[in-house]
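Work through the exercises below with the sequence and the 3D view open. Try each task before reading its solution.

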Amino acid sequence: MASADELVRLDRQLSDLPLETVLRFDQLADEFESEIRSGATPDPEAFVARLQSDEHAERLLSEHLRHLQHELAPTAAADAGADAGRLPQQVGEYRLVERLGAGGMGVVFKAIHVRLDRAVALKFPRFAALLDAGAAARFVREAKLLGQLQHPHIVRALDAGDSEHGPYLVTDFIAGETVEQLVRRDGPLEFRRAVQLAQEAASGLAHAHAQQIVHRDVKPSNLLLDEAGVLRVVDFGLAKSLTIEASAETAGGLTHATGAGAFLGTVGFAAPEQLQTNAAIDQRADVYALGCVIYFMLQGEAPHPGTLADRLRTESQRNQLELRRSDVPSAFAAAWRRMVNRRPEERFQSMSEVERVLQQALDGTLAAPKRAISRRAILVSAGAATLGGIALWQRGASTRRPSAMPKPSRPLGPPPAGIKPPMTPSEIQATQQAWSQYLGLPVRLSATGDVPLALLPPGEFQMGAADGQLPGQTPPEGDWRHRRADEDRQLHEPMHRVVISRPLYFGATEVTNAQFRVFADATGYLTDAERTSGWGREDKGWVKRSGYSWKNLGQRVCIDEFPVINVTWNDAAAYCRWLSTQGEPRTYRLPTEAEWEYAARAGAPTAYHFGDDPARLGEFAWFGDNSDGLYRAVGLKEPNPFGIYDLYGNRQEWCLDHFAVDFYGRSPLVDPLNSSGGAERVMRGGAHTDLPRFCSAVTRWGQEADNPGAAGIRVVAEIGVN
C-alpha cells in the first residue's frame with residue numbers, strides 16, 4: 001500500500017497537470033486496477049504509452065501504476081495489517097479498515113461506524129490536491145444525487161461530511177464482487193442470468209432517471225453483486241442531474257469539474273455521443289451502456305476494445321454490434337440491437353421501457369418488433385380525410401358514431417339530477433354513483449393502453465370569470481405571460497350559463513408517454529415534431545430543433561408515467577381517432593373547452609373546486625411553486641371530486657375548439673363548441689412552471705394546431721345516451 005506521504009506527493013504533482021490529462025490518468029489507472037483484480041498481469045508501460053502526454057505525466061502514471069501493482073499483488077494481502085497503519089485511522093465516527101479500490105476520481109475504503117459497529121463503505125476524492133481547482137464539485141454532487149435515490153438496486157447513501165482528508169461519502173458496504181469480476185473469473189454468463197442482472201440494473205437506473213439523474217458511466221465494474229447475487233448500481237461520480245439549470249451548472253463548478261470538452265465515461269461502454277465534444281448527454285446514453293454491459297456478460301469481452309483514440313478513429317466506420325450466441329432468442333437480439341443503436345433517437349427512449357422489455361424476456365413474452373405502418377395508412381384506417389377534421393365530433397354530424405360506448409343498459413325512469421353548483425364533494429360523488437347506476441356503466445373505466453376514465457354526469461355551471469378577474473397575482477410587465485386587465489376581460493367575459501347535456505367519460509389523467517407509445521408502436525405514426533422539429537432541453541434552456549420530439553426531450557428524461565409532451569393538436573386528434581378504433585365501439589376525442597372547465601370546477605362556482613384562494617393549489621397540482629421546474633408523473637397529487645387528476649397543473653391540455661378571444665360573447669347555451677376560426681386551438685390548465693393564476697379552471701390560451709409547444713393530451717369518450 002502506498003504510504004500517505006507518497007499519495008500526498010502524487011496529488012500535489014497531479015494538480016499541476018491539465019485536468020483532461022488527470023481524467024485520462026485516472027481512467028487508465030482504473031482499467032489497470034480492474035485487470036489486476038480480474039487475475040491478469042497488465043504491463044504498466046503499455047498503459048503509460050496510452051496516456052499520450054508529456055514525459056512528466058507519463059512518469060507519474062508509471063509510478064502510480066507500480067504502486068497499484070504492488071498493493072494489489074497476492075503478496076500484498078499478507079501485509080494488509082502493516083499497511084493499515086498508514087491509512088487515516090478515524091474519520092468522524094468511522095474507523096477505516098482497508099482500502100477496497102479506486103475509480104471515478106474516488107478512493108473507497110471499508111470502514112466501521114464506531115458507535116453502531118456497522119460496516120460501511122467510505123469514499124474520498126482520489127486526488128485531494130485538485131479540490132481547490134474545482135474537482136470536488138463532482139464529488140459533492142455525487143453525494144447529493146445519491147442521497148435522492150432510494151431503490152433496492154442502487155447502493156444507498158448513508159452519510160456525508162468533511163474532514164482533514166477532504167469531503168467523504170458513506171454508503172452501504174456490499175460484501176461481494178462486481179459483474180466485471182464475475183465474468184473475468186467464470187467467463188460469459190448463462191443467457192437467463194445475464195438478462196436477470198441487466199433487468200435489475202435497468203430497474204435501478206430507471207429510478208435514477210425518474211429523478212432526472214443520468215449515470216453516464218454504466219459498466220460492469222459499477223454493477224456490484226452482494227452475497228445473495230442481487231445487483232446494485234454504484235459510483236454515481238460522473239452522474240448528471242438534468243434538473244440543474246445551465247447557470248447553476250457553471251456557477252456550481254460543473255464545467256470545471258468535468259473539464260470543457262473532456263471525455264467522461266469508460267471507452268469500452270460509452271455511447272457514441274459521449275465521444276463528441278460538448279454533445280448533450282441524456283438517459284439514452286445509459287441505455288446504450290447497459291446494452292454494452294449485456295454484450296460483456298454474454299460475450300465475455302468489452303464491445304469496444306482499445307483506447308479512446310482507437311475508438312475515435314474507427315467510430316464512424318464501426319459496424320452494428322452483434323451478439324454471437326446461438327442461445328439468444330431473435331426477439332431479444334432485436335431488442336438488444338435497439339439498445340446499442342449508434343443513433344440515440346433509434347434506441348429505447350427510456351430505461352423503464354428497457355426494464356419492461358428485459359422482464360418480458362425473462363417471462364418468455366417478448367415478441368419480435370412490429371413492422372412500422374406509414375402515417376398515411378393510420379389516417380386512412382381511422383377513416384380520416386385530413387388531420388384537422390373537426391367533423392370528428394359535431395352534434396348531428398354524419399361521421400359520428402351512433403353508439404360510442406359499450407351499449408349501456410336501457411335507462412328506466414327519469415334520470416337522476418345533474419350537477420348544479422354549488423355542490424359539496426360528497427354530493428358530486430353521490431351524483432356520479434346515481435348516474436352510474438342509471439346508465440348501467442361503471443364510474444371508472446380504462447381505454448386501450450390503460451388510459452383511465454372517470455364518469456362525468458351532465459349538469460350546468462357558470463363559465464368564465466366575473467370582471468375578467470383571475471386568482472393570484474399578475475406577472476410583471478415584461479414577463480411573456482403578462483396580460484393587461486382589458487385583455488383578461490376580453491378572454492374571460494362575460495360569465496355565462498352553460499349546460500352539458502349528456503354524460504361522458506373524462507380522462508382521469510393526462511395521456512402518458514407509455515400510453516401514447518402503444519398508439520405509436522401499433523401504427524408507426526410519426527408526430528409533427530418527429531417530421532419537422534420539436535422542443536428539447538439543452539444547457540442554454542429549451543430549444544426547438546430537428547430531432548427533438550415526444551421521444552427525445554434532450555436533457556430531460558422521457559419517463560413512461562409522465563404526460564406525453566411535444567405533441568400538437570393534430571397528433572392529439574390522430575391519437576383519439578386511433579383510440580376510437582380499438583376494442584368495443586367508442587368515440588374518443590378531445591374535450592370541448594366547456595367540458596374541460598365543467599370538469600375542473602367540479603360543482604364549485606369558484607376558480608378552483610376548493611375555492612378562489614390558491615393557497616391549497618399544491619395539494620392538487622404541480623406548478624411553479626412546488627415543481628422545482630420539472631413536470632411529474634401523472635396522478636401523484638390529490639384528485640378533484642370527480643376523481644380527475646392534474647387538471648390545474650403539470651401540463652396544459654389541448655381542447656377540441658378553435659380559439660377565439662370573443663367566443664364567450666356568442667357561446668351557445670347547450671354543449672358549446674367553437675367549430676370555426678383561425679389556426680389556433682384552445683389550451684386549458686396550467687403547466688409545471690406557471691403562476692397560480694394560470695393554473696385555475698378559468699384561464700384560456702390559444703396555440704397553433706401544428707405547434708408542439710406547451711400542451712399535452714387528455715381524452716373524453718362519448719356515451720350514446722341523451
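**Exercise 1.** Find the helix in which Gly 147 lies, and decide whether Gly 147 is buried, partly exposed or exposed.

Solution. Step 1: Gly 147 belongs to helix α6, residues 136-147. Helices (H or I, at least four residues) and strands (E, at least two) are DSSP runs, numbered from the N terminus. Step 2: this is a predicted model, in which local features need pLDDT of at least 70 and side-chain atom pairs count only at pLDDT 80 or more, while totals for chains, interfaces and linings use all residues. Residues are numbered from 1 along each chain as its sequence is written, and side-chain values use heavy atoms, with hydrogens and water left out. Step 3: buried means under 20% relative accessible area, exposed over 50%, and partly exposed in between (1.4 Å probe, protein chains only). The relative accessible area of Gly 147 is 45%, so Gly 147 is partly exposed. Step 4: the C-alpha atoms of Gly 147 and Thr 171 are separated by 9.7 Å, and the two residues are 24 apart along the chain.

**Exercise 2.** Describe helix α3 and its ends.

Solution. Step 1: helix α3 covers residues 44-51, and its buried residues are Pro 44, Phe 47, Val 48, Arg 50 and Leu 51. Step 2: these residues are on the same side of α3, because they cover an arc of only 155 degrees around the axis. The arc is that of the directions from the helix axis to the C-beta atoms. Step 3: at the N-terminal end, Asp 43 caps α3, with a side-chain oxygen 3.1 Å from the backbone nitrogen of Glu 45. Step 4: just after α3, Gln 52 has a positive phi of about 55 degrees.

**Exercise 3.** Classify the aromatic pairs that Phe 519 forms with Tyr 525 and with Trp 578.

Solution. Step 1: rings of Phe, Tyr and Trp (its six-membered ring) pair if their centres lie within 6.5 Å; planes under 30 degrees apart count as stacked, over 60 as edge-to-face and the rest as tilted. The whole structure has 21 aromatic pairs. Step 2: Phe 519 and Tyr 525 are 4.9 Å apart centre to centre, with 40 degrees between the planes, and this pair is tilted. Step 3: for Phe 519 and Trp 578 the centres are 5.4 Å apart and the planes are at 45 degrees, so this pair is tilted. It links distant parts of the chain, with Phe 519 in helix α18 (residues 513-523) and Trp 578 in helix α20 (residues 569-579), 59 residues apart. Step 4: Phe 519 has a relative accessible area of 0% and is buried; Tyr 525, at 3%, also counts as buried. Trp 578 is buried as well. Step 5: ring pairs join Phe 516, Phe 519, Tyr 525, Trp 550, Tyr 575 and Trp 578 into a cluster.

Note on methods. A polar contact is a pair of N or O atoms within 3.5 Å; within protein, one must be able to donate a hydrogen and the other to accept it, and residues adjacent in sequence count only if both atoms are side-chain atoms.
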